[in-house]
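Hi everyone, thanks for coming. Have the sequence and the model open while I talk, and I'll walk you through it.

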Amino acid sequence: MSLLFLRRAKPLFTSPSQASFASPRLTNLLRRSFHGSRIMSEAEKKILTEEELERKKKKDEKAREKELKKQKAAEKAKLAELKAKQAKDGTTAPKKSTKKSSKPDAIEENPADFVDPETPLGERKRLSSQMAKQYSPAAVEKSWYAWWESSDFFKADAKSSKPPFVIVLPPPNVTGALHIGHALTSAIESDKINLDILRVVGYRQWCNKLWNAVRFAMMRLGDAYSPPLTLCPETMPFSCQWILSVLNKAISKTVDSLNAFEFSDAANTVYAWWQYQFCDVYIEAIKPYFAGDNPAFASERAHAQHALWVSLEAGLRLLHPLMPFVTEELWQRLPSPKNSERKASIMICDYPSAIENWTNEKVETEMETVLASVKCLRALRAELLEKQRNERLPAFALCENNVTSEIVKSHELEIRTLANLSSLEVLLKGEHAAPAGSAVETVNENLKVYLKVDRAINTEAEQEKIRNKIDELQKQKEKLQKMMSMSGYEEKVPANIKEDNATKLAKILQEFDFFEKESARLVAETENSGNEQQKK
């Protein structure tokens, strides 16, 4: 279509004075046609005037809101500029209250320790003695990029024996947030992809989470820590074996994705390991080892430090192509093993590769049980406690067999820590009864968890939850029984599938029986509670 037809049509007349080319009769006809083939009455003109006033009023309100937002943004920018200036000068803003600093055991911090010394562009960045409390791209990116350029890190080594590799990502002079945000946009890279700016903003905020996670880990390592040259995962605590095993899998999957040019999969894999396995699980699971100087945890503390350092070092190298600047800054702060040569930059380090003896399927399977139990206990806490959800509560684990019982007992510390429990008692079905006054949640067919609160639980809500579970199991049972009773099932269906279906049906019936007993238990507890109240 020609662009000529897309132009806005000019009005035939804009005012009575401009319509002088037409006769009065033609002008009146045009006006009558425009206003519905008749001249507008005074009442209609009044209504139109009121609508115009209302529109003008709304327009003024929007303009005032816009101006107010501009003022707030300007004030915020001015405050940020003032803070940056104070940080550069080594001064701090006056505190609103001196209550905290008046305590005798308050630790005095020197603000200058958190500010990077000035570094001439092109030289290797000089780092502050203490990590800043949040990530600042302006304080990190410019100096590292200038040093990378002056050190010729962007030039390929023609003598290298490594195979050539091309990566279609934004150039390295953009923020790490844009790198990972672009990589996670879609599995297929194309010039037709619309960049989701909100995703970029989200990963800009995640840069700060990454920064603080490494900062917390560095505090656990301490200033005098020296990393080992080799690791022996078999002698490490359970959580340390697990983090090395899942890191190994993340490395393998990321390398395979990059080799296949599946950048979205690579970015998702690295992000998931950092966020959901390292930050959410491992850092929380090892906290008891560093709570005070308990001599009982001396060996576990040393192993946890080694696994922590290895995870940080390999994890940062794994993330570096996606978030180059923040990973360079954090990697440079890591301690290096003694009597070993370290590369000048993370950019010229070898990309991580999987190590065979780190993978441990048994540990990963057991951790799945631990994390599933923790998830159920947290869900129960959210249901039972409207307030004070951080309160430590006693919990019970009812196991169907000895194998499950041994797994839960051996990982009691991890479950108590991650679920924030005061205690965890392991019960074996047939030998122990379900604890009274507790809410239940199913982890799997072999494990149920109970959470006990001081006040009485809402038995009606618990009964409703159990009824929903029974209804769901009833539907599954009917569907499976209908399939198994079809004509030709015994003759046509393979033996292994028939065996699997029989096992599934047995598990469903077992669950059905359990929830019926739980329902009867709650009814009995409610009746006993009512009788006691009547006696009083």
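One term before anything else: buried means under 20% relative accessible area, exposed means over 50%, and partly exposed is in between, using a 1.4 Å probe and protein chains only. Now, this is a predicted model, so local features need pLDDT of at least 70, side-chain atom pairs count only at pLDDT 80 or more, and totals for chains, interfaces and linings use all residues. Residues are numbered from 1 along each chain as its sequence is written, and side-chain values use heavy atoms, with hydrogens and water left out.

With that in hand, look at two tryptophans: Trp-273 is buried, and Trp-274 is too. Their ring centres are 5.2 Å apart with the planes at 80°, so this pair is edge-to-face. For the rule: rings of Phe, Tyr and Trp (its six-membered ring) pair if their centres lie within 6.5 Å, and planes under 30 degrees apart are stacked, over 60 edge-to-face, the rest tilted. The whole structure has 14 aromatic pairs. Ring pairs also join Tyr-145, Trp-148, Phe-154 and Phe-325 into a cluster.

Okay, zooming out. The chain holds 15 helices and four strands; these are DSSP runs numbered from the N terminus, helices being H or I with at least four residues and strands E with at least two. Of its 536 residues, 35% are buried.

So what sits in the middle of the largest nonpolar core, touching the most other members? Ile-243, Trp-274, Phe-278, Tyr-282 and Leu-312 do, out of 90 residues in that core. Helix 7 gives the most to this core, 11 residues. A nonpolar core here is a set of buried Ala, Val, Leu, Ile, Met, Phe, Trp, Tyr and Cys residues joined through side-chain atoms within 4.5 Å. There's a second, separate core of 15 residues, and Phe-396, Val-440, Leu-505 and Phe-515 are among them.

Beyond its neighbours within four places in sequence, Ile-243 is in contact (heavy atoms within 4.5 Å) with residues including Trp-273, Tyr-282 and Ser-311. Ser-311 belongs to helix 8, residues 298-319, and counts as buried because its relative accessibility is 0%. Its side chain reaches the backbone oxygen of Ala-307 at 2.7 Å. That's a polar contact: a pair of N or O atoms within 3.5 Å where, within protein, one must be able to donate a hydrogen and the other to accept it, and residues adjacent in sequence count only if both atoms are side-chain atoms.

Next stop, helix 11, residues 402-410. Thr-404, Ser-405 and Val-408 are its buried residues. They span an arc of only 100° around the axis, which puts them on the same side of helix 11; the arc is taken from the directions from the helix axis to the C-beta atoms. Asn-402, Val-403 and Glu-406 are exposed on the other side. Covering the buried residues we have, among others, strand 1 and helix 12. And Asn-401 caps the N-terminal end, with a side-chain oxygen 3.4 Å from the backbone nitrogen of Val-403.

Most residues other than glycine have a negative phi. Phe-261, though, has a positive phi of about 60° without being a glycine. Where is Phe-261? In the loop between helix 6 and helix 7. Asn-420 also has a positive phi of about 60° and isn't a glycine; Asn-420 lies in the loop between helix 12 and strand 2.
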